[in-house]
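Visitor: Could you walk me through the side chains here, starting with a nonpolar one and moving on to the rings?

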Amino acid sequence: MPKKESTIEEKKAEVLMHLRGYKKIDQKRLPDGITTYTTKTKTGDIIIYCIPGQGTIGVQYINKLKKVMKDENLERGIIITSGRYTQAAKSAARKRGIELIPRMFPAFNLFEHVMVPKHEIISDEERQMILQKYKVQPYQLPYIHVSDPAVKAVGAKPGDIVKITRNSQTAGKYFAYRYVVEG
Amino acid sequence: MAATEEAVHKIVEQLRFGLLSPQEIRKLSVAEIQTADTYDEDGAPITSGLMDGRLGTLEPRQRCKTCGNTAIRCPGHFGHIELAVPVIHIEFTKIINNLLNSTCRNCGRILLPAERLAKLRTRIVRVKKMLGVVPNELYKKVLDEAKGNECPYCGAVQHKLEFTKPTSFHEMSEEGAQRLTPSMIRERLERIPDDDLELFGFDPKSARPEWMILQVLPVPPVYVRPSITLESGIRSEDDLTHKLVDIIRINQRLKENMEAGAPTLIIQDLSELLQYHVTTYFNNEASGIPPARHRSGRALKTLSQRLKGKEGRFRSNLSGKRVDFSARTVISPDPNLDINEVGVPLEVATKLSMPEKVTEWNIEEMRKLVSNGPSNYPGALYVVRPDGKRIRLEFVVDQAKVAEAIEPGFIVERHLRDGDIAIFNRQPSLHRMSIMAHYVRVLPYKTFRLHLCVCPPYNADFDGDEMNLHIPQSEEAQTEARLLMQVQDQILSPRFGGPIIGAIRDFITSAYLFTRRTTLLTKEEVCRLLLASGYDGPLPEPQVKKPEPLWTGKQIFSLFLPKDFNYTLKATICQGCTKCKEEECEYDAYVVIKDGVLKAGVIDRRSIGAEQSESIFHRIIKDYGTETGREFLNKICQLLKQFTTMRGFTYSHDELELSPAARQKINRTIQKYEDNVAALIEKYRKGTLERLPGQTLEESFEIYALNELAHARDEAGKIADQDFSLENSGIVMTRTGARGSSLNIGQMAACVGQQSVRGKRIMRGYLDRALPHFKPGDSSPKARGFVHSSYQSGLDTVEFFFHAMGGREGLVDTAVRTQQSGYMQRRLINALEHLRVEYDGTVRNSTGEIIQFVYGEDGVDPAKSDHGKAVNVARLVDQIKISVQTRKPADQEYIEKKLKEVETQLTPILVEQLKSQLTKAELGKEAVDQAIHLTVENYKRALVEPGEAVGIVGAQSIGEPGTQMTLRTFHYAGVREQNVTLGLPRLIEIVDARRIPSTPIMTIYLTKEFSKSKEKATEVAREIIATTVEDVAKSVFDDPEKEEVVIELNPALMKERGVSPKELEEALHFPNCEVKIKEKTVRIKPKKAGDRRKLIGKVTDHLIKGVPGIRRVLVSEEKGEWVIRTDGSNLSRVLEIENVDPTRTTTNHVHEIAKTLGIEAARNAIMKEAEGVLEEQGLDVDIRHVMLVADMMTATGEIRQIGRHGISGEKSSVLARAAFEITIPNIVDAVIKGESDPLKGVTENVIVGQAIPIGTGLVDLYMSALVESDAKTKKAE
């Protein structure tokens, strides 16, 4: 199905790479419609797998990607699709270090949305500073789930703290911090 | 009281919950109860009976046999009953069932392999480290997971367990069902090892599961179940005692039978009966059992019922208590009082007392009071000696002798007198201004009296309202009342940062009449007015000198304004002309005050009224302080009261008489609109009426008709309103904002208008008609409740009836609304009560979790703000401009440099405002410095104080206006055809965090190109609307001959929806079916013959194109661009549609936003939605309160409801949770987990009777120990 324009999934991939600051090295469209991207990041290369359509994603896709990852000697992989994932696929992905992007993930830079403030992962120094300043354990901060689209967008993991720059009605600008938790 | 009160020397730090083991119960017991009787013939308690003297004594002069104290000081002691057979505790049955199901019947281990358990253990440890606590879901997961047919440890085969309510368990083995007796269950539970229990969330140290089966029953002390002696001398026992009697009787019988070796059947029956009695003893409302009843047939109130609900122990006796030193009576108005005074009847003043310490300086006075005794007014009720002994003067024969005996150091509890501080309250106490401190003024007669200006905060009127008065007794309480609760300190409401106290009703009318241009006063009048208002300065120069000196009202009013006060505003009577003539206004509506002189304009509601922000009164308080504000209000109220007394003000029936010309005009207008309706009826009958989208023809007709008739009333009212001059009293009242609206005038003079029930014209009653006077189906205005008459002319019979129908709905509406908003308020308060501002400026809950990093994002207290703004920069700059002489304006560079210096001390918004204002004002350098300095000062002054109960204030500020909201759910949003839920129901929906809003709506913005024209926008709209087969088909039916489902298409509909045949072909696919498309018909043949009815349903609902969930779309123009509004919501899919602007498109479905855009966007959405509702209702609520609610709801990363399934259910305190709702399960849950209540919140401290850790209660003494790292650095130095 050689289409000129990019699919929704490809758009999502582009947005994701842009938001997380991944550098695209390679883009391929496989004969079965799946597009793969190879990207370069600070923590190693990642392969992104875009599966078009709204079909349910089962374990077979995970295994397929794992094989590709093995072939290319890559540690991490990402799957983007508009369909659902089966439970088995989810648990398999967790084991194999593959990140599944939920179908709700928007195909545009969500930080451009009027209601979404900027999120960013904070550095270790800043983290120490914040915890010191408020004299708190991380779990005493407000939470944000890893499954949150904004967290997905910046690629934060459980245990990270994200800094949120809100446009405040009362103060103009306001910083909030949220602790990334599982779920 | 103060002296006798023992000093607090112990504080409850923590409360631990757990189960009592049988050993512990026996250890705690002072007596084994064996006899079911209570008293013998002489009325003495029987030993080892239920009223055993060792359990405590009820007789006033007897001593307890255990502790030797009298009834008042004895705490009571538990006894116990040895049960013949073990019995299940009813509240734990569910947990017992779970445990039995998840553990091995043989060895008691969890039915999960060891590796899995190890994994779960590490997971629990990990989660605990990460989150601080282990969430309940994790334990629940273990319970759910642990299931299997074979034990992985001992290999025992597991049988299925069946639990039937209330207390029986059966095991389904191959041989059939076998009953598990409580003793068998107990054995099994005993086998579960401690380590395994921890995985279920149990704390085995404080709650072993076998203790959930009772072997010994504790018997509560007699104080828990006192018997009462009736007038006839008959003793009546408490419900609990009755129940215990039953238990002992059966227990005794069971014991005897067992000893006698009775057949098992009898033993079993008796065991079950014992189980029943013990069950009902704990909970007499357990499902599956008939409640135990009293002889009279009334169900007994046993332990659970005593704790539960509004009348239960928690809510009725622990969270709120009856108090001494209080009075309640009817209130009445008194304009001669000060606003911070309360008139107390003499009778009350002689019953309430105020403790006063005798000193050298007041001893003579105190002697006088004591010798006057309790019944002569300035007297005293008690004398307290330094050793704590109280002398009740009522019983003292020679009061003079006592008076002689008092010395410094004694305390005299004297009668209330003028100047004492009192706390005044009117229920419902919806916000903090419902309880304020007033100074006592002892007055004759029997009512409490208050100044009219304090009616708005109390929401009081004088139609029989009663209020409560409390006299704080301790020095501490009195001081706090004086410093924090005085009326003048509560003038500015924290809800919106404006005055809630102010002139009302006749004060406003009077102010208008007084300050209008035509009012001229003679010297005598002026003197009388000034005398009444306590003015003692010189008379101003009269405005008119000849023939006699005359003063204007404006002149006199000016005397009370601060001398350097400058302000301009538009009065309420302002007509809103397109071009304001300012000082030349013909209505005198442009108010100008220059240097404390009212130059132009009339004073009315906008200037001095209650609940008016940015009024003259508000400005005076902000600029000169609350004390000046109080004096100002007092004085002008006295003045205005005197003026109305002199002038007089009435409104009479004949003032509603219209001129004949106006009358005629009104009749013509109404006739015109009635004709319009007649035309509509005709059109409707012929079927030529245009149908509104999404409405049936009849509905459309009703909407049109309602519209026409609404116009009729509005126009008629307008004519009447214009026919009256400003000399008309009614008009004076409505225009000045004193009372009523022009709608009221219109209804009184012109036409009452359409009556409605449920937002529709009245149609209920008889078949097809509302009353038998009309023909069936008559849809004329008159037949459906249009009231043509005015109140002045009187309603005819039919009109009167319709009016009564509409009126009743109004009453019902109010009743329902108060209930709903009351519950919402309770939930809000409960969810937010423990939030406070800490010393570092963060807002935290009782466990120290951060909710906001800076309160309201700028740290400003709304009560100290200027109508929400931290600093009113514009006014500040204006004032400086007037006061500081300017030579050379400072340049931009200088301003920016100066601003840079204070940047860190201000919010970005303030810096921005300062910059623009200063640039505009062209001030000199000195003035710029001063402006910046003052802004910083004022900002700091407006910051919240540590300890402030921002949660409670926020909850009150959102809950209190709830009562004022409409219940009418539907309102038109932008487009006439679209209904949205608004008002109270919508607000409740938001705080409830409902999964699906009742009216989901999206606002879809389009890309530049597509937002320009309607056609382009419609194109996109067609892509969005969900189109199913039903929408494009003429009919879908079953063809039994060919065993096919047939769709007959409608080309017109297809065109309207923009569905091409190709699209249709692509979309129509069904599993296991063959689809044939032939021009206008589609035939679907299932491969397998079978039920085609199901298939029909599937086919009709099959989506051809569009976004699922979007039911309707409406293209409309807003602010110069075309947008799409939809009925139904599906954000994630709509965002993916081409040509939709994804960055602005939103929905009112908050959960959807959370899912697609994240929790931060959801927070913004909650704020936007709640603010939208409040704004639409015209309610002024500071955004910071809404912000706090939104932050609290989203603090855990997902949207939590304000209520028992959300925030309130996750509170850290067991007591607070139990006191809110679902009392018993919360306690049971705390028990098995061995939870402890840290007593850091509000409710729990109220319950144990300690100061709450909020506000002044937060202040404590701490010892600062050097932190190790600090110590090291110190040493290094």
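Guide: Let's start with B:I228, which sits in strand β7 of chain B, residues 228-229. This is a predicted model. Together with B:L230 and B:I234, B:I228 makes a nonpolar surface patch of about 290 Å².

Visitor: How many aromatic pairs are there over all chains?

Guide: The count is 15. Planes under 30 degrees apart count as stacked. B:F163 and B:F169 are stacked because their planes are at 20 degrees, with ring centres 4.8 Å apart. B:F163 is partly exposed at 23% relative accessible area, while B:F169 is buried at 0%.

Visitor: What does an edge-to-face pair look like?

Guide: For that label, the planes must be over 60 degrees apart. B:Y535 and B:F560 show 65 degrees between the planes and 5.9 Å centre to centre. B:Y535 lies in the loop between α17 and β22 of chain B, and B:F560 in the loop between α18 and β23, so the pair ties together parts 25 residues apart in sequence.

Visitor: Is B:F560 buried or exposed?

Guide: B:F560 is buried, with a relative accessible area of 10%.

Methods
Residues numbered from 1 in each chain as written. Chains lettered and ligands numbered in written order. Predicted model: local features only at pLDDT ≥ 70, side-chain atom pairs only at ≥ 80, totals over all residues. Heavy atoms only, no water. Patch = residues over 30% accessible without salt bridge, like charges linked within 9 Å, V, L, I, M, F, W, Y side chains within 5 Å. Areas by Shrake-Rupley, 256 points an atom, 1.4 Å probe, with all protein chains shown as cover. Salt bridge = Lys/Arg side-chain N within 4 Å of Asp/Glu carboxyl O. Helix = DSSP H or I, 4+ residues; strand = E, 2+ residues; numbered from the N terminus. Phe/Tyr/Trp six-rings, centres within 6.5 Å; stacked < 30°, edge-to-face > 60°. Buried < 20%, exposed > 50% of the residue type's maximum accessible area, 1.4 Å probe, protein only.
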